Amino acid sequence: MRFTLYRFNPETDSEPYMKDYELLNIEPGTMLRDALLRIKNEQDESLSFRHSCGEGVCGSDGMNINGKNGLACVTSVDSLKEPVTIRPLPGMPVIRDLIIDMTQFFTQYHVVKPWLIVKDPIPDVELKQTPEQRDKLDGLYECILCGCCSMSCPSFWWNPDKFLGPAALLQSWRFLADSRDQATEERLEALEGPYKLFRCHSIMNCVDVCPKQLNPTKAIGNIKKLMLKNMV
Amino acid sequence: MSYQAKGLQAWFLQRVSAVFMACYIIFFIWFFLNTEQMTYPIWLNWFSHPLMNIATGLFLVQLVIHAWVGMRDIVLDYIPNDAVRLITLTCIGFFLIASSLEMIRILFSLSFNV
């Protein structure tokens, strides 16, 4: 099986380049991460990429696979067209090979204050929710912050410092939708202006690539609806 | 219609104006197709009717708002340089204000002609 990988080492290369590799005897059902590990172990140990859990939970190995962002560890090589072209997630600075600098992504994540804000005195027992209230968090809390969605969003490419991006906005809605959170007003106010939320034009690239099948576009729509409700 | 701090309003106005303009355009085409021979007196009479005159005035206001929000979106998305961004937005603003003044002049001249 043929692979074309994006390579860039800032210490030795002046420009990034694509390098071809060939792997023989790939077992059916092999995941892309394992194929990359084989290339690293058998052919070129200088190849660098992030990975950890190997089962789509940690969100480390987000990369651009044949033009579409995804997690290498949950992408079977059987489903990929040859040559498999792997590039780093687009839009962020490359540190080396497939490793990108995600600082901007996490800065925007912190902006939405991804934690519960409770103003009442904290009770001695846990803050309770009804099963219905808890159900509202399904499809939101599962996000693993791999960055595939934000790095597939043109609005995030153009304005990464001003537009929060689908991942951060999904988390914003996760806390707005939480019955225990008491900072709805402040959260909504912080999202006002033409950039932070409203650079989203609902093109749904985020939904298309999410390896956890989440729907940031719907979450963004819900935030807009809540803003509208609070305005009247 | 300021460029800062108008995320929700701009988004909302864009949608409301789109719905209004869609209704106006459908009515406009329907009336046009249902008039056997569109002559200048019929046209003038139609546009001089207070309801049509006001609806057209509203249409033009909504068109300007819709165009402003849409053009602003394009500029914010595709022009990264702050200075170029500001100059482009100013030019678009001037153009839209000039167009609306011209449209108001035409509408008023229709109202006073009859």
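A cavity is a set of grid points where a 1.4 Å probe fits but cannot get out. In this predicted model, a search of the whole structure finds 1 cavity of 30 Å³ or more, and the volume of the largest cavity is about 110 Å³.

**The largest cavity**

- Rolling a probe the size of a water molecule over the atoms shows where empty space is left.
- The largest cavity, with its volume of about 110 Å³, is lined by 15 residues, of which A:Cys143, A:Cys146, A:Cys149, A:Cys210 and A:Leu214 are the closest to its centre.
- Sorted by class, the lining of the largest cavity consists of 13 nonpolar, 1 polar and 1 charged residues, and the element that gives the most to this lining is α5(A), with 3 residues.

**The largest pocket**

- The largest pocket has a volume of about 220 Å³, and among the 13 residues that line it, those closest to its centre are B:Asn53, B:Gly57, B:Ile104, B:Leu107 and B:Phe108.
- Two helices of chain B, α3 (50–78) and α4 (82–113), each supply at least two residues of the lining of the largest pocket.
- The lining of the largest pocket holds 8 nonpolar and 5 polar residues, while no charged residues are found in it.

**Helix α1 of chain A**

- Within helix α1 of chain A, which covers residues 32–42, the buried residues are A:Leu32, A:Arg33, A:Ala35, A:Leu36, A:Leu37 and A:Ile39.
- An α-helix has 3.6 residues a turn, so residues three or four places apart point the same way.

**Salt bridges**

- Over all chains, the count comes to 15 salt bridges.
- One of them joins A:Lys19 to A:Asp44, with the closest N and O atoms 3.4 Å apart; because A:Lys19 lies in strand β2 of chain A and A:Asp44 in the loop between α1 and β3 of chain A, the pair ties together parts that are 25 residues apart in sequence.
- In this pair, A:Lys19 is partly exposed, with a relative accessible area of 33%, whereas A:Asp44, at 11%, is buried.
- A:Arg134 forms a salt bridge with A:Asp138, in which the closest N and O atoms are 3.0 Å apart; A:Arg134 is partly exposed at 33% relative accessible area, and A:Asp138 also counts as partly exposed, at 40%.
- A further salt bridge, between A:Arg199 and B:Asp77, has its closest N and O atoms 3.1 Å apart, and this pair crosses between chains, from the loop between α6 and α7 (205–209) of chain A to helix α3 of chain B.
- Both A:Arg199 and B:Asp77 are buried.
- Through salt bridges that share partners, A:Arg7, A:Lys19, A:Asp44 and A:Asp97 are joined into one network.

**A buried aspartate in a loop**

- A:Asp178 is placed in the loop between α5 (166–176) and α6 (184–190) of chain A.
- Because buried means under 20% relative accessible area, A:Asp178, at 3%, counts as buried.
- When its neighbours within four places in sequence are left aside, A:Asp178 is in contact with A:Leu116, A:Gln129 and A:Leu137.

Note on methods
Residues numbered from 1 in each chain as written. Chains lettered and ligands numbered in written order. Predicted model: local features only at pLDDT ≥ 70, side-chain atom pairs only at ≥ 80, totals over all residues. Heavy atoms only, no water. Helix = DSSP H or I, 4+ residues; strand = E, 2+ residues; numbered from the N terminus. Buried < 20%, exposed > 50% of the residue type's maximum accessible area, 1.4 Å probe, protein only. Contact = heavy atoms within 4.5 Å. 1 Å grid on protein atoms, 1.4 Å probe; cavity = no way out; pocket = protein on both sides within 12 Å on 5 of 7 lines; lining within 4 Å. Points joined across faces, edges and corners; volume = space filled by probe spheres on them. Nonpolar A, V, L, I, M, F, W, Y, C, P; charged D, E, K, R; others polar. Salt bridge = Lys/Arg side-chain N within 4 Å of Asp/Glu carboxyl O.
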